[in-house]
Amino acid sequence: MNSFALRLLGAIQLADSDNQDVPFRSRRAVALLVYLIVQNRPIPRPQLVELIWPDKTEKQGRGNLRWALSYLAGVLPDAIQRTRHTVHFELPPDGYVDLLSIQAALAEKDYSQLERLLLDVQGEFLAGFYFDESAEYETWLITQRETWRLKMFAALETLIERHDAAGDYAGALVFAEKWLAFEPWEERAHRWAMTLLARLGRNDAALEQYERCWRLLAEELGTEPTDETTALYQRLLASGNQARHNLPAQPNELVGRSADVDRVMTLLHQHSRLVTIVGAGGMGKTRLAIAAASQVVEQFLDGVLFVDLTGLANASSLGSLLLQTLRQHTANTARIESNLSAEDQLVQALSDRNMLLVLDNMEHLLAGVPLLLNLLQHAPRTQFLVTSRERLNVRWEALVEIDGLSDPEAFDLFVQAASRQRPSFVVDTENRLCIERICALTAGMPLAIELAAVWTRLRTCHEIALAINDNLDFLSSRQRDLPDRHRSVRAAFEHSWQRLLPTEQQTLTRLTQFKGGFSADAAQQVADASWANLAPLVDKSLLRQRLHRVNGRSQVRYDMHPLLRQFSAEKQHEPSIAGRHAAYFAHFLNVRNTQIQQGDATALDDIQREIGNIRVAWEFCIDQVEQELLSRMVVPLGYFFDMRCRWTETVTLYQQLLDQLNGIDPTILFIRAVALATIGNAHTRLMQFSDADSTLTASLTLFQRLEQTEGIMFCLFALARVAHYNGSSRQAIKLYEQSYELATELDDLIGMARANINRADIAFTTGNYATGERLAKRALSQFEQFGDQRGIAVALLNLGRGDIAHNRLAQAIERARESARLAAEVGATQVHGHALCVMGQAQFYAADLQAAESTLHQAYALFSDIGADAPVVQTWSLLARLALARGDAEQAAQLTHRVQTLSKHLDYAEGMVWGDSLMGELALARGELVAAKNALRHALQRAHKLGHTPLTLDIVALMARVFEQEDDILARSMFGLVKQHPASGAILQSQVATHPTDESPPSLKLLLPTLLTG
């Protein structure tokens, strides 16, 4: 046989590779084999002879050993390893020995494997085997049986404890019963079975288990169960006559918090003695505690006891209240000695109880923590689940910190609560966004959400959202069954406020100046709040503390619930804090501006993290006309908004700045110039070219007046982009060259690189591929020198465009993929999308339509997210071409309609060309030659006006396919022109190569009038 399975736990059994039993021919061979397996090391031959054949002569023993080894080698291939002096057992890869597998599972703590193995065990070590030929061997065998008996029982108890800790009482019971099958009189196994049956709600079966244990011990051993087992029986007997818990009923189902409920349950299952649910007022700590406790009632033999501490004024009465509640809701408290103090009586009452005490609202009774510590020491089977706005700060404590509900959970809670107030309430298109706004304003705070939902009886969701934003007192209710502290959000916060020291109140009000979180350094600089000032507010759930990664390192960050911020801000009476806050973040932006100029892309992430604070500082500086601070903020903030594609927001913020500025102070002129340039650049990105041109021209005038070269260069650069988009390529090249010259004067490597990359873009547009590639490579080198990752990404995608023109598709895909990776790393979303467009286009030309479609849809998602409409048009046009290639004319028509509609709305000339061209191609596919000709003439006229030579030639090639069905001579001229024109590109030339061509076609300039008038 090629493999074997040997079982030593239970009666020895050997099976071959076909699972057929193989009987052993010699008991001595069995004894030898088992000894070799258990010893698991080379054994000297003389030692084996003396152990197994003590009744034989030395010569006979050696001969018998040789025979036995030869026999065992035959039935256990490759397992018996022999030398002249020693023998040892080595398990081959295809062999199995239950003993060795259990040993390995125990060593590796592979509990899943251990479960399978132990369930398969049939009895004790070598059950029924004896060996009276050797007294020494028989002694060894008895020792091994006892060793393995203890190992198996310890392993079984480990598995029972693991299943019990996980709340899998049925699974644990399986192993308790397995233990009892091995040793029916083992009281530990009986106690486990009784406990698990009780936790499964089978109290009668648990009592019967005790009776079974009592009979077995009496019959087999002539004794009775121990006091421990009997005490467990008496507790089970008493618990059968009392309620399992006193948890208060709830008026509605708990929404959300499933993950938090699981966290609490896991800690309780793992026998954490003190679990504290910590959170701000109104976060739903009580509901969470009740929900979790109700799920673990069966885990505790003496049940779950809920104690509401809200009305307790003094921690000195805590012991008396717990004792009173225990007496009211549990049996068997008569034995407590009444002459003891309340605390000592409580210790006595809980000393042997397996119970969960839920202590609700502990934050005002922290002086009572020593009582809990005393109980934790002297009531080892009792666990505590505490809710508090402030952590208890003891080593026993396992914290479960809760905050607002997630967005979907908050939404569901509002709908549930609103439906109770108004049964006809439904979510529709009109109110969905308003509900989401309410959930955002309340930051998922359950109390605030439910109080807001109460108003749906009288107001629309839109009105509720406006009211929350205007007045915190709106979030209140007159419902009679609400406790006072939950009748309004203000009451919930006031309860916490009154518990603060005056210094803590001052710190909290100062910190309300921050919006969206803050670092410890910012708290120190703005609010004079050190770590020592922040820690008590974190402990009291008034500040949230989170770890996040900054430049590869962990950093602590703090924030405050927005409604608490609104509450605390009403108590703020220090106007200087706003100025310090603005100065801090103006400096912050100025430092990040330097980092940006040095090519540090992480500076943008830093700004994003603090954008809420920066907005607050910006508004303060505008309101107070803080010229010096604004001059430090205006450039980096505009750059940030541009890089993150937030152009509409840019126009709003910077127009707000312009509306406030007056006078002719040079600082103000500089700020005005930068604001105009930033707005003009945003108008360009938004395809609002008329507004962009006028705003940038006004900015250029101011920069020239100030003789500010960097500003002049920026405006020339932006005006060049406007000219390019408007089809004025010559004007664009002239302006780019002027900006390049200024960058050279300033030794501004990035400025030169940006001018080069945009000149490359114009070269590609006019079909001058060699110049485009040369400029793009020069820009790439310059960006690489400076370490500008975004610039490198732009240069790579432009080089990818050149690769496509030359039919180097694999290289185009790789360059575009690398460009997309770099852009994603620095958050340059629009560049990332353009790189994906280049990749999708290359995949399309490589006939990998599935990959192209996936890539283009990724690009579309990115452009949609940032509201970049012009790139969306480009992506739709590429997807329409792809649909045509697949033969899906209906999808292509839908996409073409989108291209035309959005391009017209944007007055986007290039998009209109794509739309008309696609319409012509669709008409051609349907055989509608007149319609195709008309659409393509419109496209050709627009493309020629734009000066986009490659696009013009692409349309000429399409028109040639129309004309070859009517005018073969004209079609030949058109195909010949496309084939020979240097701006056609290798792909377009290959597409027309199969058509008959005129070897001496007229020039594009001569042919265009004929094509346009027809």
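## Cavities

The largest cavity in this predicted model holds about 70 Å³ of space. In total, three cavities of 30 Å³ or more are counted.

Eight names make up the lining, given here in chain order: Glu363, Arg389, Glu390, His495, Ser496, Arg499, Lys540 and Leu542. By class, the lining of the largest cavity has five charged residues, two polar residues and one nonpolar residue.

## Helices α2 and α3

Helix α2 covers residues 45–52 and helix α3 covers residues 58–75. Their axes lie 9 Å apart, and the two helices pack at an angle of about 100°. Angles of 65 to 115 degrees count as roughly perpendicular, and α2 and α3 are therefore roughly perpendicular to each other.

On the α2 side, the contact is made by Arg45, Leu48 and Val49. On the α3 side, Glu58, Gly61, Arg62, Leu65, Arg66 and Leu69 take part. Sorted by class, this contact of α2 with α3 has four charged, four nonpolar and one polar residues.

## Helices α7 and α8

Helix α7 is formed by residues 169–182, and helix α8 by residues 187–199. The axes of α7 and α8 come within 9 Å and cross at roughly 155°. Because angles over 145 degrees count as roughly antiparallel, α7 is roughly antiparallel to α8. The crossing of α7 with α8 is left-handed.

From α7, the residues in contact are Tyr169, Ala172, Leu173, Ala176, Trp179 and Leu180. From α8, they are Arg188, Ala189, His190, Trp192, Ala193, Leu196, Leu197 and Arg199. The contact of α7 with α8 divides into eleven nonpolar residues, two charged residues and one polar residue.

## Helices α37 and α38

Helix α37 spans residues 809–825, and helix α38 spans residues 829–845. The axes of these two helices come within 8 Å, with a crossing angle of roughly 160°. The angle is the reason for the label: α37 and α38 are therefore roughly antiparallel to each other. Their crossing is left-handed.

The α37 side of the contact consists of Leu809, Ala812, Ile813, Ala816, Arg817, Ser819, Ala820, Ala823 and Ala824. The α38 side consists of Val831, His832, Ala835, Leu836, Val838, Met839, Ala842, Gln843 and Tyr845. In the contact of α37 with α38, 14 residues are nonpolar, three are polar and one is charged.

Terms used: Residues are numbered from 1 along each chain as its sequence is written. This is a predicted model: local features need pLDDT of at least 70, side-chain atom pairs count only at pLDDT 80 or more; totals for chains, interfaces and linings use all residues. Side-chain values use heavy atoms; hydrogens and water are left out. Axes are lines fitted to C-alpha atoms, for helices over the stretch in contact, and angles run from 0 to 180 degrees between N-to-C directions. Helices (H or I, at least four residues) and strands (E, at least two) are DSSP runs, numbered from the N terminus. Angles under 35 degrees count as roughly parallel, over 145 as roughly antiparallel, 65 to 115 as roughly perpendicular and the rest as oblique. A crossing is left-handed if the near helix is turned anticlockwise from the far one by less than a right angle, and right-handed if clockwise. Contact means heavy atoms within 4.5 Å. Ala, Val, Leu, Ile, Met, Phe, Trp, Tyr, Cys and Pro count as nonpolar, Asp, Glu, Lys and Arg as charged, and the others, Gly among them, as polar. On a 1 Å grid over the protein atoms alone, a cavity is a set of points where a 1.4 Å probe fits but cannot get out, and a pocket is an open set with protein on both sides within 12 Å along at least five of seven lines; lining residues have an atom within 4 Å of a point. Grid points are joined across faces, edges and corners, and a volume is the space filled by probe spheres set on the points.
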